[in-house]
Amino acid sequence: MTQDGNIKILAVDDEPFMLKVLKQILDNLGYEQATFMESAQKALDLLDESERQPDVILLDLKMPEMDGVEFVRELVKRDFTGNIILISGTGERVMESVEKLVRAHRIRILGYLPKPVKPEKLSALLDMAAPKSREEPVKTKQAYSTEEIKVGIQNQELINFYQPQVDIASGRVVGVESLVRWRHPVNGTVFPDQFIPAAEKSGLIKELTRQVLINAFSQARAWQNSGLNLRIAVNLSMNDLDSLDFPDLVADLAASAEVPSEKIVLELTETGLMRNRLDSMEVLTRLKLRGFTLSIDDFGTGNSTLSMLRDIPFDELKVDRGFISGAWNNTTIQAIYSASLDMARQLDIQVVAEGVEDRNDWDFLSRTGCHMAQGYFIARPMPGENLQGWIQDWENRRSELTAGDI
Ligand code: G
Ligand code: G
Ligand code: MN
């Protein structure tokens, strides 16, 4: 156990006694840079004033004027890039759902500490705080202006990464999902959550989708040429469906790259509202008539995805990773996964499980007859040129995972 006295810690708890206990423990463990705050608002004020964000925040979940979840929301607004350790006297089930909420905001959680806090447990969690190199910029830029995104698209700085999808029964690679990245000349790789929402608001999303489609189809063609017959999935935005000529656009781009429509999967998430439900349905139906595969993304999270399933002839359902990772070990998650699988069977559509993170997840899906899998256990999203090398490695793992099944 090596403690890094350099780690900057902020403890927020409304109980002065609890803060004293934490201070005592941290002193004993040799953490010298710790600050203690009795109120969430004071802690936020401190964050706003300080030059360097804390590396770890010890956060009490139940505070009178602002609960821990609200506090995390405020941290997101402030581009917090550090880690959180949750502290609370509530039951495990509540802690789990809070943990999930926080992760959904892409904030790193090292774990949770039940009260009374045990020094060994706190020490073990703090050991996991990734020591950040001091040169690393403290703030990563979160929102980009319309103009910046426009220039990025024009300069062809958008590239697609590809994450493999495999058929669970045979283990064979059947396709990839394309996930856009922005190779920003100054900020390095920028992830889609930092520019897609802005592109959607400003109307740039259509140009962005066009660029993503062009790149994806050209990659698909290159793979076809080298004998890799893969399906390629592309994420669409609901706003793309506002244009009645969208089906022609996709069809034209596919034809000029000579990628057959049956190899193309179009993924849709119902975020927000369909601005014009009738037009959107028409566009989707015509895409379907042209032979593209329609896939409903993040299934289980949306509030009206069921009506989308009712109204639009989807071919595939991607169960959100929140209902896949750890399903083998959690009956609540399992219930939603099983219901999704059953429904897909009745509608005769394929199921792709997202967020397959370990062997337990894989075995569970395999046992329950899920069709396809995607997730870190199989591979992380990668540049297109790495795929062939990865497939060679996967072939070795595949025989082990599916031994006897093929
Ligand atoms: O790896 P990841 O961080 O790429 O993706 C984050 C989110 O961004 C996912 O919900 C994904 O659907 C979305 N996304 C990724 N690529 C694209 C894209 O090309 N277009 C749109 N509209 N969304 C994308
Ligand atoms: O929403 P959509 O399914 O398009 O987004 C896919 C997102 O999920 C991307 O951000 C991708 O990087 C991420 N992702 C892919 N596989 C896994 C996984 O196994 N675990 C987790 N936590 N995220 C994953
Ligand atoms: Mn997707």
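This is a predicted model: local features need pLDDT of at least 70, side-chain atom pairs count only at pLDDT 80 or more; totals for chains, interfaces and linings use all residues.
Helix α10 is followed by Gly291, whose phi is positive, near 95°. The helix itself comprises residues 277-289, and its 13 residues reach 18 Å from the first C-alpha to the last, close to the 18 Å expected at 1.5 Å a residue. Ser280, Val283, Leu284 and Leu287 are the buried residues of α10; because they cover an arc of only 95° around the axis, they sit on the same side of α10. Their cover includes α9 (246-257), β10 (264-268) and β11, while the face of α10 turned away from the buried side carries the exposed residues Leu278 and Leu289.

Helix α12, residues 331-347, has 17 residues and spans 24 Å between its first and last C-alpha, close to the 24 Å expected at 1.5 Å a residue. The buried residues of α12 are Ile333, Tyr337, Ser340, Leu341 and Ala344; seen down the axis they fall within an arc of 95°, so they line one face of the helix. These buried residues pack against α4 (92-104), β11 (293-299), β12 (316-319), β13 (350-353) and α13 (359-368), whereas Thr331 and Gln346 are exposed on the face turned away from the buried side.

**Ligand surroundings**

The residues around ligand 1 include Arg106, Leu179, Val180, Arg181, Phe191 and Asn235, and strand β7 (residues 173-184) gives the most to this shell, with 3 residues. Around ligand 2 there are 14 residues, of which Asp298, Arg321, Glu354, Glu357 and Tyr376 come nearest.

| Residue and atom | Ligand atom | Distance |
|---|---|---|
| Val180, backbone N or O | ligand 1, nitrogen | 3.1 Å |
| Arg181, polar side-chain atom | ligand 1, oxygen | 2.6 Å |
| Asn235, polar side-chain atom | ligand 1, oxygen | 3.2 Å |
| Gln163, side-chain N or O | ligand 2, nitrogen | 3.0 Å |
| Glu177, polar side-chain atom | ligand 2, oxygen | 3.1 Å |
| Asn235, polar side-chain atom | ligand 2, oxygen | 3.2 Å |

Ligand 1 has 490 Å² of accessible area on its own, and the protein covers 79% of it; ligand 2, taken alone, exposes 520 Å², of which the protein buries 81%.

**Glu177**

Glu177 is found in strand β7, the strand that gives the most residues to the shell around ligand 1. Its relative accessible area is 5%, and Glu177 therefore counts as buried, the cut-off being under 20%. The side chain of Glu177 makes a polar contact with the side chain of Lys318 at 2.7 Å, and a polar side-chain atom of Glu177 also lies 3.1 Å from an oxygen atom of ligand 2. Leaving aside residues up to four places away in sequence, the residues that Glu177 touches include Phe161, Tyr162, Gln163, Asn235, Asp297 and Lys318.

Key:
Residues are numbered from 1 along each chain as its sequence is written. Chains are lettered from A and ligands numbered from 1 in the order in which they are written. Side-chain values use heavy atoms; hydrogens and water are left out. Helices (H or I, at least four residues) and strands (E, at least two) are DSSP runs, numbered from the N terminus. The expected span of a helix is 1.5 Å times one less than its number of residues. Buried means under 20% relative accessible area, exposed over 50%, partly exposed in between (1.4 Å probe, protein chains only). The arc is that of the directions from the helix axis to the C-beta atoms. Contact means heavy atoms within 4.5 Å. A residue is near a molecule or strand if one of its heavy atoms lies within 4 Å of it. A polar contact is a pair of N or O atoms within 3.5 Å; within protein, one must be able to donate a hydrogen and the other to accept it, and residues adjacent in sequence count only if both atoms are side-chain atoms. Accessible areas come from the Shrake-Rupley method with a 1.4 Å probe; for residues, only the protein chains shown count as cover.
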